[in-house]
Amino acid sequence: MNSTLSKTKNKSKLTGKPELIVVLENPNFIINIGSVIRNIHGLGVDKLFVIDGQKRLEDNLEELRKRKSLLKHSNGAVKWTNIKVFTETETCFDFLNKNGFISIGTSPHNI
């Protein structure tokens, strides 16, 4: 999972602080996305970008919010979390770079 923090000019509409986005790359199980949504919502993260190379998720946010597996495992936080789906990592990071975001990566693996 990577997290991305924007430049100070891109402020969150809710807090006025720099916008924080979490990028989840190719999750193994759809229900894990619900758990991530629940956790990032509790931490005050503004958006979740999911890179879904297997095209298992809908592009439409309203359809995603109706998905029972996400609704159940997010404890309803999917209703208030902005989610954008990408099919390729490069497309997601191109979008972030184009919009002035600074990427800060994390990984559970030793590099």
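This is a predicted model: local features need pLDDT of at least 70, side-chain atom pairs count only at pLDDT 80 or more; totals for chains, interfaces and linings use all residues.
Residues are numbered from 1 along each chain as its sequence is written, and side-chain values use heavy atoms, with hydrogens and water left out.

E90 is exposed, at a relative accessible area of 53%. The cut-offs are under 20% for buried, over 50% for exposed and partly exposed in between, with a 1.4 Å probe and protein chains only.

E90 also belongs to a surface patch of negative charge, together with E25, E88 and D94. A patch takes residues with over 30% relative accessible area and no salt bridge, and joins like charges within 9 Å. Asp and Glu count as negative, placed at CG of Asp or CD of Glu.

Next, the salt bridge, meaning a side-chain nitrogen of Lys or Arg within 4 Å of a carboxyl oxygen of Asp or Glu. The structure has one. D52 and R56 form it, at 3.7 Å from N to O. D52 is buried, with a relative accessible area of 3%, while R56 is partly exposed at 25%.

Now the whole chain. Four helices and five strands are present, in the order β-β-α-β-α-α-β-α-β from the N terminus. Of the 111 residues, 36% are buried.

Notes
Patches are made of residues with over 30% relative accessible area and no salt bridge: like charges are joined within 9 Å, nonpolar side chains (Val, Leu, Ile, Met, Phe, Trp, Tyr) within 5 Å. Accessible areas come from the Shrake-Rupley method with a 1.4 Å probe; for residues, only the protein chains shown count as cover. Helices (H or I, at least four residues) and strands (E, at least two) are DSSP runs, numbered from the N terminus.
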